[in-house]
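Please consult the sequence and the structure shown below while reading.

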Amino acid sequence: MGDGASLMSLLLACTRKTSDPDALPTVPTKTRADSSSNSSWFCWFIFAIWSGLTLIWNTLVDMMLFIATLVFLQDTKTPIKGAPGVELTAKRFVHRTVSLDHIKQVKNAMGMTINDVVFGVTQAGLSQYLIRRYGQNEKDEGSKQKRSNLPKNIRLRANVLSNLRPTVGIQALADMMARKSKARWGNRFGYILIPFTIALRDGPLDYVRQAKAVIDRKKHSLEAFCTYLIANVLIKIIGAKAAGAIAHRVISHSTLSFSNLVGPLEEISFYGHPITFMAPYVYGHPHALHMHFQSYVDKMTICLTIDPDVIPDPNKLLDDLEESLKLICDAVLDRGLTKEEVV
């Protein structure tokens, strides 16, 4: 039918503002950042050359890793990685709602995007959960640092969907259905593989800083566009079934799937029934864990699709994610960080 952005636009078209039953909800749109500046022509030329070279290099490296993942490169077998055939097992759906204002507080203080903060929180939460699953040793006498049984150099990657429409955010349904629309209805996304660093960090802010560095590099790559293009070419040449088998192999060699989607900016109602929260889930990936972050007004809902045989305690994982966000927020407040100080 369509990807998450398409389905969200359809939902918004079917609802009305709770405060004004005759008004459509405000569409959460966002324009892409303008890279132009007032610098000299020479500086801009040098920057453009360097940017183009790094874009080509990042894309080549990412595609080589993507092909290696297809052929042989697999993630480390951890307590959250599903076995072959995990997509056929029964799944359990759980969710937890946290404050979107807290995420925005970290975002504004550290000069990041909401995506950066969400990935940082996820990285911290997964680290704490896996440390518990692997077992925690007692503190050494006279040592203030904890030692854990967490293996070193864990390869843990998330398969992430990236919206390829030129206009960021959710578009009005009428605009998406227009014949010459640049944000057409349908499936307009590519796959990217994002590595998570699973480790016990010195401070909670280290998780979000490292996540921002990874995301910034991925933004300067055409990996998502290339995977989208390759998928469409393969479907036309070898058919949807064979192309699906290739995609299945790549996805199954990673550990989890990850997605996030912006939701309505104000409370909405569906035929007079107020919607208190939104918790969409994804089902069918060859993973034991799928994480989806869904915003709605001033709330962010963390939705987990899990295989209970692999992750028997999903609420503890939600506790770790919620606690990680709290620790990151407290660290920002304790240090009195501002955007200028971080930069």
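## A pair of packed helices

The crossing of helix 4 and helix 9 is right-handed. The model is a predicted one. In general, two packed helices are described by the angle between their axes and by the distance between those axes. Helix 4 covers residues 114–134 and helix 9 covers residues 314–335; they pack at an angle of about 130 degrees, and their axes lie 8 Å apart.

On the side of helix 4, the contact is made by Val121, Thr122, Ala124, Gly125, Leu126, Gln128, Tyr129 and Arg132. Helix 9 contributes Lys316, Leu317, Asp320, Leu321, Ser324, Leu325 and Ile328. Sorted by class, this contact of helix 4 with helix 9 has eight nonpolar, four polar and three charged residues.

## The sheet and the helix on it

Six strands form an open sheet in the order 3-11-10-7-4-6, and their pairing is mixed. Strand 3 and strand 6 (residues 189–196) are the edge strands, each pairing on one side only. On average, neighbouring strands of this sheet are turned by 20 degrees against each other, direction ignored.

Helix 4 also packs on the sheet, where it touches strand 4 (156–163), strand 6, strand 7 (256–261), strand 10 and strand 11. The direction of helix 4 makes about 50 degrees with that of strand 6.

Strand 3 (residues 92–99) runs antiparallel to strand 11, and eight bridges join the two. Within this pairing, Ser99 has Lys299 of strand 11 as its bridge partner, while the partner of Val98 is Met300.

Strand 10 (residues 289–296) is likewise antiparallel to strand 11 and is joined to it by eight bridges. In this pair, Leu289 stands opposite Ile306 of strand 11. Strand 10 and strand 11 form a hairpin with two residues between them. Val297, in the turn of that hairpin, has a positive phi of about 55 degrees.

Terms used
Residues numbered from 1 in each chain as written. Predicted model: local features only at pLDDT ≥ 70, side-chain atom pairs only at ≥ 80, totals over all residues. Heavy atoms only, no water. Pairing = 2+ DSSP bridges. Helix = DSSP H or I, 4+ residues; strand = E, 2+ residues; numbered from the N terminus. Axes fitted to C-alpha atoms, helices over the stretch in contact; angles between N-to-C directions. Left-handed = near helix turned anticlockwise from the far one by under 90°. Contact = heavy atoms within 4.5 Å. Nonpolar A, V, L, I, M, F, W, Y, C, P; charged D, E, K, R; others polar.
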